[in-house]
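Please consult the sequence and the coordinates alongside the text.

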Amino acid sequence: MQNMESFGGRLPKEWVTGHIDLAKKILQRIWALGMNVVLQSYYGIVPPHFDQKFQHANVLTQGLWAGGLKRQDWTSAKLAVLPTGR
């Protein structure tokens, strides 16, 4: 899930490295099967304090999940400061 942050602390570097290696293997298999990769689109989640760096961003605070975990803030996916990949 990409809409949670700060649950249980930072991930170990080995976990991140392992997932990068796994993603590379998955991509190689996808391409070997003649398939195309489709990336999910950006849907507006921004990191904490995003509005401090980009004051013109309309950041919507999402509050807390059940159990007290902070929900990530959102902004418009059409925000001009974000790359479009084009």
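Aspartate 73 is buried, with a relative accessible area of 12%; buried means under 20% relative accessible area, exposed over 50%, and partly exposed in between (1.4 Å probe, protein chains only). The model is predicted, so local features need pLDDT of at least 70 and side-chain atom pairs count only at pLDDT 80 or more, while totals for chains, interfaces and linings use all residues. Residues are numbered from 1 along each chain as its sequence is written, and side-chain values use heavy atoms, with hydrogens and water left out.

**Aspartate 73 and its surroundings**

Aspartate 73 belongs to the segment after helix 2 (50-53); helices (H or I, at least four residues) and strands (E, at least two) are DSSP runs, numbered from the N terminus. The structure holds one salt bridge, a term for a side-chain nitrogen of Lys or Arg within 4 Å of a carboxyl oxygen of Asp or Glu. In a salt bridge, the side chain of aspartate 73 meets that of lysine 70 at 3.5 Å, N to O. Lysine 70 is partly exposed, at 36% relative accessibility. With neighbours within four places in sequence left aside, aspartate 73 is in contact with Gly44, Ile45, Val46, Val59, Leu60, Thr61 and Gln62, where contact means heavy atoms within 4.5 Å.

Threonine 75 is also placed in the segment after helix 2. A polar atom of the threonine 75 side chain lies 3.1 Å from the backbone oxygen of asparagine 58.

The chain has two helices and zero strands. Helix 1 covers residues 13-32, and its 20 residues should span 28 Å at 1.5 Å a residue; the end C-alpha atoms are 29 Å apart, which agrees. The expected span is 1.5 Å times one less than the number of residues. After helix 1 comes glycine 34, with a positive phi near 75°.

Isoleucine 20 and leucine 27 are both assigned to this helix. The C-alpha atom of leucine 27 is separated by 7.7 Å from that of valine 37, ten residues apart along the chain.

**Histidine 49**

Histidine 49 lies in the loop between helix 1 and helix 2. Its phi is positive, about 65°, although histidine 49 is not a glycine. Most residues other than glycine have a negative phi.

**Accessibility**

The table gives the relative accessible area of selected residues.

| Residue | Relative accessible area | Class |
|---|---|---|
| Threonine 75 | 7% | buried |
| Leucine 27 | 28% | partly exposed |
| Isoleucine 20 | 44% | partly exposed |
| Histidine 49 | 53% | exposed |

Of the 86 residues of the chain, 13% count as buried. The chain exposes about 7500 Å², of which carbon and sulfur atoms supply 60%; accessible areas come from the Shrake-Rupley method with a 1.4 Å probe, and for residues only the protein chains shown count as cover. Among contacts in the chain with a separation of 6 or more, 54% are accounted for by residues 24 or more positions apart.

Key:
A polar contact is a pair of N or O atoms within 3.5 Å; within protein, one must be able to donate a hydrogen and the other to accept it, and residues adjacent in sequence count only if both atoms are side-chain atoms.
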